[in-house]
2 protein chains.
Amino acid sequence: MWELTKQDVEDLATGAAILGTGGGGDPYLGKLMALSVLEKGMKINVIPPEEVPDDALIIPSAAMGTPTVLIEKISKGDEVLHAFNRLKKIFGREVFATMPLEAGGVNSINPLTVGAKCGIPIVDADGMGRAFPELQMTTFHVNGIPSTPMTLADEKGNVVIIDAVDNVWAEKLARVVTVRFGGTAWISLYPMTGKDVKRAGVPKTLSLARDIGRSIRLARAEKSDPIEAILKITHGYRLFEGKIVDVQRRIVSGFARGEASIEGTGKYGDSRLVLQFQNENLVAIRDGEVICSVPDLISVLDIDTGFPITTEYLRYGYRVAVIGMPSNEKWRTEKALKVVGPRYFGYEIDYVPIEKRARRKD
Amino acid sequence: MWELTKQDVEDLATGAAILGTGGGGDPYLGKLMALSVLEKGMKINVIPPEEVPDDALIIPSAAMGTPTVLIEKISKGDEVLHAFNRLKKIFGREVFATMPLEAGGVNSINPLTVGAKCGIPIVDADGMGRAFPELQMTTFHVNGIPSTPMTLADEKGNVVIIDAVDNVWAEKLARVVTVRFGGTAWISLYPMTGKDVKRAGVPKTLSLARDIGRSIRLARAEKSDPIEAILKITHGYRLFEGKIVDVQRRIVSGFARGEASIEGTGKYGDSRLVLQFQNENLVAIRDGEVICSVPDLISVLDIDTGFPITTEYLRYGYRVAVIGMPSNEKWRTEKALKVVGPRYFGYEIDYVPIEKRARRKD
């Protein structure tokens, strides 16, 4: 078990935005909440999954909704606990720890506040190893863990509990409730045992996010290339560099969909990259050819600072680097690809691991 | 306490369709379910509100959704219990009785099946004395009773529990869940005490529905006018007679909205009546003048048999009588009219009790 410092929280938020692959919401507000918790003297303790007892009850906590709305709706602070406490009450037994649902974006930070306020540790694992737009898109789901009973709370005090026949129905019902709440819900779901976490989670993703953030910070201090530092830690690839020339986005059924066009610079001077996203970046197409797709991670970084740019902040004129990172192996089975592969999102292409695509290029 | 016979169930279903004022769903399926329960040897016991102990727990049960969908989705039988049993479990104590939420349509019949299957009586009262399209449109709400915790179940096995900050939020959240379920939900809500029932309910509406149905049956057997028999029991007024010449309807946000035009016959030969509805009949306009409006009851009857015609069955060519009936006095306060008066439904008119409107005419 290790205790998060303020610096760790800062680093973790930076790394989480990169693992968020453009979605998962801006970690900025989550970070402010986590920092204020530390300033009040509460502790944020992170526990490695292997130290969690097999029979312990773990309740992940998260926010759900459209990031574009999420960043405009400031949490009053304790809503994040309403959903968690209600689900805890349903079980009527001690909750050993909370955990992120996704390692990307605001959802890697929210559980820190929940854990600190409840005096329980946060498991260093999650159900995605990145961010994804739907609740059944988790390695928990692929490994047979029910997402319900699930609780949703809004900032007004409304609470909804869902007990669905499967995780796809849980997503459908939670989505309409979230839209009705006004676009954002605080949620607790996928209650599971310590054994489940070890079997079905993506391990060490909080520490990975912190390490990514730290490496960017150190690279900048040393005036070395922060993007190289990220690629080293994530085993990632530099996919493109250029200037954003067009961004289109619209809200469809509670999701922010769109695409960005990037005109190449430097060694990519004759090329163009089209990035398609639905909350998260899904597919990168260079000169008409797919060069990276879900479930592998695609992130857009400020070319100078290495800081990630989420899809809601993509703007004309930004100079960016686009990187690709391999997804966790739990996402690469046939069963998992049915849940998060490119075909699920409407692309008529097969998933090819980024390592293989990159090798073809070299 | 009295036990319902099969004949009572038949009569109650007919009367409920008249109190349903065109909405509340066709009681036919509910009737089949109630009759099959009697055929299996179960008992349907109705208890007058004054016999309910003050501290007893009462849980009303109902169906929610668009009648047009409701009549096409056959219940497998036990869904009606899922929502009820889940709400019962939340309270963890004995439920003394169930009760209709509304006295009109399928919702006056559904609780009979719930009561029989659970071996508990059904209180002879409801929260509307008629049918209305939204959950906060109850005398319970007007008298300060929370509608939540509320449970919703579908035929697939999904269950949703809502704990809302107020009854309007409960309606909003339950509505999107019902639409997502596919258009229909089985619900339990407004858990209350026996004291609440006596204070806030509309009493004796099950027996009123049965008496209306019986009077139609007896009038037809005696070859007397069934419509006169209905008016006598309900203290109602004959508003119009004629032939339906146009019906328009559309589904808007889960509600069946529309209007029917009726060309007068007999003494109404030179007149035309326009009937506007949203699930239920809301306003009757004769030759441009409002002659009856919510919360008073407007029903369309087959001119020969006196049988009610719900809004989803209104068709070109039907020869009908339109009647108006006074609403319960609990609906006639300023506070209540804000919830169910014509202005709530978008009509820029004041509510005038039907007795006063009728007196002006005579």
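## A proline in a loop

Pro295(A) sits in the loop between β16 (289–293) and β17 (297–302) of chain A. In this predicted model, the peptide bond that leads from Val294(A) to Pro295(A) is cis, with omega near 5°. A cis bond also joins Thr148(A) to Pro149(A), again with omega near 5°, and Pro149(A) is placed in the loop between α6 and β7 of chain A.

Most residues other than glycine have a negative phi, and most peptide bonds are trans.

## Positive phi in two loops of chain B

Tyr190(B), a residue other than glycine, has a positive phi near 50°, and its place is in the loop between β9 (184–188) and β10 (192–193) of chain B. Asp287(B) is not a glycine either, yet its phi is positive, at about 50°; Asp287(B) belongs to the loop between β15 (280–286) and β16 (289–293) of chain B.

Is Tyr190(B) buried or exposed? Tyr190(B) counts as buried, because 29 other C-beta atoms lie within 10 Å, and 20 or more are enough for that label. Asp287(B), in turn, counts as exposed, because it has 12 C-beta neighbours inside 10 Å, and the label is given at 12 or fewer.

## The overall build of chain A

Chain A has 12 helices and 18 strands, and of its 362 residues 56% count as buried. Its C-alpha atoms fill a box of roughly 60 × 45 × 35 Å, taken along the principal axes. A compact globule with 362 residues would have a radius of gyration near 21 Å, and the 19 Å of chain A agrees with this.

The contacts of chain A can also be sorted by how far apart their residues stand in the sequence. Among contacts in chain A between residues at least 6 apart in sequence, 74% join residues at least 24 apart.

## Two domains

The domain assignment divides chain A into domain 1 (2–205) and domain 2 (233–361), and the centres of these two domains, taken over C-alpha atoms, are separated by 25 Å. Where they meet, 28 residues of domain 1 of chain A are in contact with 26 residues of domain 2 of chain A.

On the side of domain 1 of chain A that touches domain 2 of chain A, at least two residues each are supplied by α1 (6–19), α3 (67–70), α6 (139–142) and α7 (167–181) of chain A. The largest share of this side, four residues, comes from α1(A). Sorted by class, the side of domain 1 of chain A that touches domain 2 of chain A holds 12 nonpolar, 13 polar and three charged residues.

Helix α4 of chain A covers residues 79–91, and its buried residues are Glu79(A), Val80(A), His82(A), Ala83(A), Phe84(A), Arg86(A), Leu87(A) and Lys88(A). What covers these buried residues of α4(A) includes the strands β3 (57–65), β4 (97–100), β7 (150–153), β8 (159–163) and β9 (184–188), together with the helix α5 (110–118), of chain A.

An α-helix has 3.6 residues a turn, so residues three or four places apart point the same way. After α4(A) comes Gly92(A), whose phi is positive, near 60°.

## How the two chains meet

Chain B can be laid on chain A with an RMSD of 0.0 Å by a turn of 180° and a shift of 0.0 Å along the axis. The two copies are therefore related as by a two-fold rotation axis. Which residue of chain B comes closest to the rotation axis? Among the residues of chain B it is Ile161(B), at 2.4 Å for its C-alpha. The same surface serves both copies, since 100% of the contact residues of chain B recur in chain A.

In this interface, 16 residues of chain B are in contact with 16 residues of chain A. On the side of chain B that touches chain A, β8 (159–163) and α7 (167–181) of chain B each supply at least two residues, and α7(B) gives the most, with six residues. The residues of this side of chain B divide into 10 nonpolar, two polar and four charged. The strands β8(A) and β8(B) pair in the antiparallel sense over five bridges, and Ile161(A) stands opposite Ile161(B) in β8(B).

Notes. Residues are numbered from 1 along each chain as its sequence is written. Chains are lettered from A and ligands numbered from 1 in the order in which they are written. This is a predicted model: local features need pLDDT of at least 70, side-chain atom pairs count only at pLDDT 80 or more; totals for chains, interfaces and linings use all residues. Two residues are in contact if their C-beta atoms, placed from the backbone, lie within 7 Å. Domain bounds come from an automatic or database domain assignment. Ala, Val, Leu, Ile, Met, Phe, Trp, Tyr, Cys and Pro count as nonpolar, Asp, Glu, Lys and Arg as charged, and the others, Gly among them, as polar. Copies are superposed by least squares on the C-alpha atoms of residues with pLDDT of at least 70 in both. Two strands pair if DSSP finds at least two bridges between them. The radius of gyration is taken over C-alpha atoms; the globule rule is 2.2 Å times the number of residues to the power 0.38.
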